[in-house]
Amino acid sequence: MQSSTIRELFLDYFSSKDHLIMPSFPLIPQSDPTLLLIGAGMAPLKPYFTGEKKPPHPRVATCQKCVRTPDIDRVGHTGRHATFFEMLGNFSFGDYFKEEAIAWAWDLVLNGYRLPVERLWVSIYLEDEEAFKIWNENIGVPADRIIRLGKEDNFWEIGLGPCGPCSEIYYDLGEEAGCASPDCGVGCDCDRYLEIWNLVFTQFSREASGELVELKQKNIDTGAGLERMAMALQGVHSLYEIDLVKPLYNHFLNLADPARRGQEVPLRIITEHSRGTSFLIADGVIPSNEGRGYVLRRLLRRAVRYGRLLGIEGNFMTDAASMVVEIMGAAYPELEQRHDYIRQVVKLEEQKFQETLAQGMEILDGYVEKMRAEGEKVLPGELAFKLYDTYGFPLDLTAEIIDEKELEIDREAFDRSLKMQQDRARTAARSTAGAGEDEKYKAVENLSTEFTGYQTLRQEAILLSILSDGKTQLQSVEGDKVEFLLDRTPFYAEAGGQIGDTGAINGPNGRIRVENTYFSPWGQIIHQGVVEEGQVSAGDSVTADVDSGRRDSICRSHTSTHLLHRALRNYLGDHINQAGSLVAPDRLRFDFNHFAALSSDEIRAIEEEVNKKVLANVPVQVNVTTLEEAKEMGATAIFADKYEEGSVRMVSAGDYTLELCGGTHVTATGKIGLFKIVSEEGIGSGLRRIEAIVGMNSYRQTVEKDELIEKIALSLNTSENRLDVKFNEHLEEYKLLQKTNHDLKQRLAAIEVRSLLSAVKNVEGVNVLSARITADSVEALRMAMDEVKNNLDSVVVVLGAISDGKVILVGSVTPDLIKKGIQANKIITAVARKVGGGGGGKPELAQAGGKNTEALPAAIDSVEGLVREQLERVSEGNTTK
């Protein structure tokens with residue numbers, strides 16, 4: 001029976017039992033911060049089990065894609081363990097219970113899938129008499145085929161709260177799949193007895209006292225692994241033989257070095273991991289060094305490393321991703337929709353790790369060789385950390401390789417090194433931020449300010465406190481630099497990437513120029529500035545005025561980041577998330593996660609889409625609601641913001657973008673003016689940065705470019721609309737001049753070489769020419785060297801020159817002399833040392849440079865001796881043999 005039929009039969013069966021069939025949820029948990037990835041069929045339905053949300057139906061069935069890595073070290077070593085799998089599940093939220101769950105599971109296994117009853121076994125929790133009676137008396141399973149297992153195997157619970165016993169259905173794959181132990185049976189760790197369905201009866205609550213209390217609402221949570229069911233129904237002993245996986249296995253088998261095709265475990269690992277990587281990327285995960293991104297990176301890099309062990313060359317995982325899409329795309333359309341994107345992410349990560357792997361393996365092999373020479377069995381943690389920190393070699397990969405060589409890692413020392421690095425980073429961060437910030441504002445920690453800046457830019461207020469160097473002041477006079485608090489303020493404090501407001505505070509006796517606004521560690525809004533005139537005193541009634549022009553510019557930038565975020569997601573994919581920002585009056589900066597640089601076409605398309613939304617003059621609205629309601633409406637949470645469970649601000653631009661945001665915005669997109677991207681660059685692994693300008697700044701840049709074009713056109717004596725034609729004419733002229741210059745240099749080189757040929761020396765039967773010539777570049781030196789070789793079939797040539805106050809050197813050895821043991825790279829390196837420099841190359845061609853121009857004549861004269869030394873070494877080596 002094909003896997004697609006197994007999937008369809010399961011869902012159809014439970015649909016007939018009045019279950020709502022729901023599609024698979026994404027692998028990234030939608031609203032559960034406690035989960036890294038969806039690793040079980042019930043995980044996305046957790047709010048329905050806990051009562052947090054009302055289920056759409058009391059009975060639900062799904063086929064849920066899952067990724068789970070606790071058993072990653074067993075993948076490939078058994079036929080049943082996997083990191084990616086599909087979980088068929090039927091669920092009841094306070095509706096049916098044990099009797100129906102057991103009866104339906106048995107009916108589907110026997111009459112739907114038609115598995116032979118003589119191969120089926122059942123397990124129950126050892127104290128679950130109710131389940132035993134249902135299986136034995138109602139279903140008719142003989143008592144000797146019902147195995148009682150303990151709490152570790154057949155009782156589900158995670159800390160306090162809902163829990164309950166389990167019952168499982170096992171399929172006997174036969175003696176040939178077993179371990180041959182006389183004690184082999186249900187519960188054995190070998191592959192013979194395959195668990196194909198687990199029924200969890202959530203009927204208790206574990207109290208703090210340890211007591212189990214019966215739940216009023218009992219739930220059913222079942223899981224039948226699709227791959228395991230396929231093993232039973234397709235009559236195979238491992239998941240690598242089922243129809244969903246075998247094509248991948250055969251693909252890698254054909255790619256492997258024929259001499260290594262018997263290495264079963266590596267073949268299985270790359271086969272299994274290729275599935276998980278494709279699904280994770282399709283659901284928006286990108287490789288990184290933390291969280292779910294690290295899970296993806298680990299799977300992909302682990303596969304690449306095992307592929308290398310099999311002798312598989314190139315970006316083999318990229319093509320495997322296409323095979324996964326072909327096999328699974330019909331059941332999971334998101335794979336087909338994001339096929340090109342999946343390939344791009346896999347290819348980039350694969351290429352990056354190929355470089356890391358080669359370098360890391362060379363270093364690690366050196367460590368291992370030294371350990372064995374010294375009789376050591378434990379790799380120092382400091383060395384493992386150096387591999388991780390300096391060369392990007394993952395610890396788990398180092399550990400896996402070391403374990404294969406029957407050695408160990410000092411993990412405690414690794415952890416110490418990691419902690420020391422983290423401590424240094426924290427110290428540096430504290431130093432940058434400034435020490436004693438908490439103490440600096442402790443004097444005003446009990447004061448508070450009401451922010452009114454969403455509604456107004458002018459506010460009557462009371463000057464609550466004045467601070468100077470962290471000390472409260474009753475009064476400040478002209479020229480004093482101060483920080484101060486108001487009871488009410490329209491000044492926005494820097495947060496969420498938006499910089500703080502500036503403006504003025506006018507009092508009865510003086511005026512403060514506000515230069516910045518920010519939050520104290522205690523959460524108060526701090527205004528920082530200079531007393532411009534007169535004096536100000538604590539308790540003064542003042543008028544706070546925000547610089548309205550500057551605030552308007554900031555609002556344009558901030559709303560633009562929201563439009564840009566949406567445009568990026570539309571063009572590049574839903575994996576795009578904000579990773580940082582700067583919202584300033586003169587520019588905006590937007591950091592986001594993405595795997596590759598944007599093309600010019602992509603940048604233009606994104607820029608155009610934002611400008612279309614600007615021209616549409618879409619109303620920008622702010623609504624205050626609860627976090628839960630905002631999530632239900634699909635609002636996007638901006639980078640690193642922490643939203644309390646109270647009210648949140650939701651900013652929308654029509655139906656185009658909807659984000660949780662505490663910043664200030666324009667009232668309609670038309671107020672942004674022209675939006676222009678000025679740069680796009682990488683700022684780290686998987687991170688990109690866009691900088692843009694809006695409003696008058698964008699207009700001014702356009703004017704400046706127009707003026708520049710006009711200036712260039714005038715200098716070329718042409719009109720602006722013919723500038724490209726004139727430029728191409730000048731470009732052709734320039735190319736012609738370059739060619740003429742090149743030809744002249746070649747002629748000069750030929751003339752100079754003809755005069756040098758008489759200086760060729762014979763060193764033990766070898767033609768040697770070393771000379772200083774006139775040349776302004778390495779290219780000119782090479783031309784001269786090529787002329788020498790055109791005139792002499794067998795020669796060692798070293799030429800030197802002085803250019804821009806530095807020595808330049810080139811050297812070459814003809815193939816016949818390389819066979820005699822003479823190498824240009826060794827000669828040129830020795831010559832370079834004499835002029836205070838260095839260089840290198842290959843036996844046939846090398847180049848170098850140096851600083852000591854006065855030493856060049858002596859260095860050139862040393863070439864004959866260096867050739868003689870190489871010939872003597874070869875001769876001595878032959879004599880020894």
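Residues are classed by relative accessible area: buried means under 20%, exposed over 50%, and partly exposed in between (1.4 Å probe, protein chains only). The model is predicted, so local features need pLDDT of at least 70 and side-chain atom pairs count only at pLDDT 80 or more, while totals for chains, interfaces and linings use all residues. Residues are numbered from 1 along each chain as its sequence is written, and side-chain values use heavy atoms, with hydrogens and water left out.

The structure contains 40 salt bridges (a side-chain nitrogen of Lys or Arg within 4 Å of a carboxyl oxygen of Asp or Glu). One of them joins E214 and K218, with the closest N and O atoms 3.3 Å apart. E214 is partly exposed, at 44% relative accessible area. K218 is also partly exposed, at 23%.

A salt bridge also joins the side chains of R192 and D172, at 2.8 Å from N to O. R192 sits in the loop between β7 (161-172) and β8 (193-206), and D172 sits in strand β7, so the pair ties together parts 20 residues apart in sequence. Helices (H or I, at least four residues) and strands (E, at least two) are DSSP runs, numbered from the N terminus. R192 is buried, at 16% relative accessibility. D172 is buried too, at 12%. Elsewhere, R74, R80, D189 and D191 form a network of salt bridges.

The side chains of E400 and R302 meet at 2.9 Å, N to O, in a further salt bridge. This pair links distant parts of the chain: E400 belongs to helix α14 (residues 395-404) and R302 to helix α9 (residues 291-309), 98 residues apart. E400 is buried, with 11% relative accessible area. R302 is buried at 3%.

R302 also takes part in the packing of α9 against α8. Helix α8 (residues 264-282) and α9 pack at about 150°, with axes 8 Å apart. Axes are lines fitted to C-alpha atoms, for helices over the stretch in contact, and angles run from 0 to 180 degrees between N-to-C directions. The two helices are therefore roughly antiparallel (an angle over 145 degrees). Contacts (heavy atoms within 4.5 Å) involve P266, I269, I270, H273, G276, T277, L280 and I281 of α8. Their partners in α9 include V295, L296, L299, L300 and Y306.

Helix α22 (residues 778-791) has 14 residues. From first C-alpha to last, α22 reaches 20 Å, close to the 20 Å expected at 1.5 Å a residue (1.5 Å times one less than the number of residues). Its buried residues are A780, L781, M783, A784, M785, E787 and V788.

Key. Angles under 35 degrees count as roughly parallel, over 145 as roughly antiparallel, 65 to 115 as roughly perpendicular and the rest as oblique.
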